[in-house]
Amino acid sequence: MGFVEEKAKQLIAEVGQVLKGLPTEQLDAVITDFKKFLEENKEDLNRWVGQYMAGETSKKEFIWFLRSKKNLLELKTLEHLGLSLVKLEKTRDKVIKTLKNAVLGGLGELLRRLVKLKRR
Amino acid sequence: MKHIKFRLAIAAVPVLVAAAVMVFQCGPYIARFDVGFLEFMVNLKARALTLVEKAIEPYEPHREECEEMIKDLDRGFRNAVQKTANHLTIKQWEILSNPRGYLLGGFLEKWKQEGQLHAVFIGESKTIIAAAFDSLIRLENGKPR
């Protein structure tokens with residue numbers, strides 16, 4: 001068996017071991033997440049697998065890359081949440097401004113009518 | 001008289017609505033943009049990437065630089081903590097600087113533990129760490145002015 005095949009077999013066996021221990025519902029969630037992750041990070045993963053199989057990086061380092069990518073995804077999620085909050089705050093401020101204008105308009109109208117009533 | 005009362009009640013509706021909105025308006029959702037903090041991050045990113053490249057050499061001669069970088073990461077975290085409604089940025093700094101994590105803090109710790117790292121590992125880590133800083137910078141830059 002060649003070096004590449006041996007490394008690939010080892011990797012698949014290790015992933016299989018991790019998945020074996022999971023309950024079915026969790027396994028489905030992991031597989032869905034994993035598929036999404038694979039699609040989004042295809043290029044990086046291909047390169048990392050290539051480096052690992054060529055013996056340029058160790059298994060530990062390959063796992064390190066996956067974990068740093070996960071940390072990076074967490075940062076990006078926080079970033080997107082933050083930018084959504086900025087948009088939400090802008091919308092809220094616009095609504096408040098509109099309401100304030102309506103209130104001032106309403107107060108003006110109220111005063112005008114009261115004055116009119118008093119004059120009568 | 002009934003007619004007047006009805007009109008008064010109608011006119012008072014916006015007042016009540018506004019009062020309710022003002023009661024429920026709980027300040028900013030997110031911290032304000034800080035140009036000084038943004039400059040700090042951009043500067044730190046450049047220094048961090050230069051330092052990461054040096055991991056091809058033994059850790060010891062670069063110990064001081066690494067410790068200075070860790071202090072700067074802590075400075076960044078403390079700066080973020082001081083601001084109101086800044087929990088997302090605080091969390092980002094935590095992830096970036098965590099020595100048990102897999103970004104800059106973890107990289108520096110790994111260099112310290114292993115003494116020296118190799119070019120392929122450094123190259124891949126540098127790309128990810130740069131992207132991590134970019135994420136922090138984009139969020140700061142997108143905050144309300």
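Where is the place of Q116(B) in chain B? Read on through the views of this predicted model.

**View 1. Q116(B) sits in the loop between α5 (104-114) and α6 (119-142) of chain B.** Helices here are DSSP runs (H or I, at least four residues), numbered from the N terminus. Q116(B) is partly exposed, with a relative accessible area of 42%; that label covers values between buried (under 20%) and exposed (over 50%), using a 1.4 Å probe and protein chains only.

**View 2. Q116(B) meets residues from elsewhere in the sequence.** Leaving out residues up to four places away, Q116(B) touches A55(B), I56(B), E57(B), P58(B) and W111(B), where contact means heavy atoms within 4.5 Å. E57(B) is 59 residues from Q116(B) in sequence, yet their C-alpha atoms are 5.8 Å apart. A polar atom of the Q116(B) side chain also lies 2.7 Å from the backbone oxygen of I56(B).

**View 3. A85(B) has a positive phi, near 55°.** Look for A85(B) in the loop between α3 (63-81) and α4 (87-97) of chain B. Most residues other than glycine have a negative phi.

View 4. Where pLDDT is low, the predicted coordinates should not be read in detail.

**Notes.** Residues are numbered from 1 along each chain as its sequence is written, and chains are lettered from A and ligands numbered from 1 in the order written. Local features need pLDDT of at least 70, side-chain atom pairs count only at pLDDT 80 or more, and totals for chains, interfaces and linings use all residues, while side-chain values use heavy atoms, with hydrogens and water left out.

How values were computed:
Helix = DSSP H or I, 4+ residues; strand = E, 2+ residues; numbered from the N terminus. Polar contact = N/O pair within 3.5 Å; in protein donor to acceptor, adjacent residues only side chain to side chain.
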